[in-house]
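Open the structure in your viewer and keep the selection tool ready. We will go stop by stop, from the start of the chain onward.

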Amino acid sequence: LDPALADIPALSAEITHLRAEFSGARLDLANLAAAALATFAAHYDGEPDPLSYLRDELRAQGHDTSRGAA
């Protein structure tokens, strides 16, 4: 029983770390969905560069949006 109890602090730290990562991923996904919806709305409204919303969010999340990027 003692070895199992000794693992509790490490497991708790791991859970805290994973929860923070999951929260960040959920926020990124929500922001990406909002940018996609804004892109559609801008297209329907006839804005000259509706993809700017999507490009801006992708850049904010650290993606390379330059032409020809993989």
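## Stop one: the start of the chain

Select Leu1, which sits in the segment before helix α1 (2–6). Helices here are DSSP runs of H or I with at least four residues, strands are E runs of at least two, and both are numbered from the N terminus. This is a predicted model, in which local features need pLDDT of at least 70, side-chain atom pairs count only at pLDDT 80 or more, and totals for chains, interfaces and linings use all residues. Residues are numbered from 1 along each chain as its sequence is written, and side-chain values use heavy atoms, leaving out hydrogens and water.

Leu1 is exposed, at 78% relative accessible area. The cut-offs are under 20% for buried, over 50% for exposed and partly exposed in between (1.4 Å probe, protein chains only).

With Leu1, they make a nonpolar surface patch of about 340 Å². Patch members have over 30% relative accessible area and no salt bridge; nonpolar side chains (Val, Leu, Ile, Met, Phe, Trp, Tyr) are joined within 5 Å, like charges within 9 Å. Areas come from the Shrake-Rupley method with a 1.4 Å probe, and for residues only the protein chains shown count as cover.

## Stop two: helix α2

Select Ala34, in helix α2 (residues 8–44). Ala34 is partly exposed, at 45% relative accessibility. Then pick Arg19, 15 residues away along the chain: the two C-alpha atoms are 22 Å apart.

## Stop three: the salt bridges

How many salt bridges does the rule give? The count is two. The rule asks for a side-chain nitrogen of Lys or Arg within 4 Å of a carboxyl oxygen of Asp or Glu.

Select Asp49 and Arg55. Their closest N and O atoms are 2.4 Å apart in a salt bridge. Asp49 is partly exposed at 34%, and Arg55 is partly exposed at 26%.

Next, select Asp56 and Arg59, paired at 3.5 Å, N to O. Both lie in helix α3 (residues 52–60), three residues apart, about one turn of the helix. Asp56 is partly exposed at 45%; Arg59 is partly exposed at 46%.

## Stop four: a buried charge

Stay in helix α3 and select Glu57. Glu57 is buried but has no salt bridge, and Arg59, the nearest side chain of opposite charge, is 11 Å away. Lys and Arg count as positive, Asp and Glu as negative; His and the chain ends are not counted.

What does Glu57 touch, not counting residues up to four places away in sequence? Show Asn31, Leu32 and Ala35: Glu57 touches these. Contact means heavy atoms within 4.5 Å.
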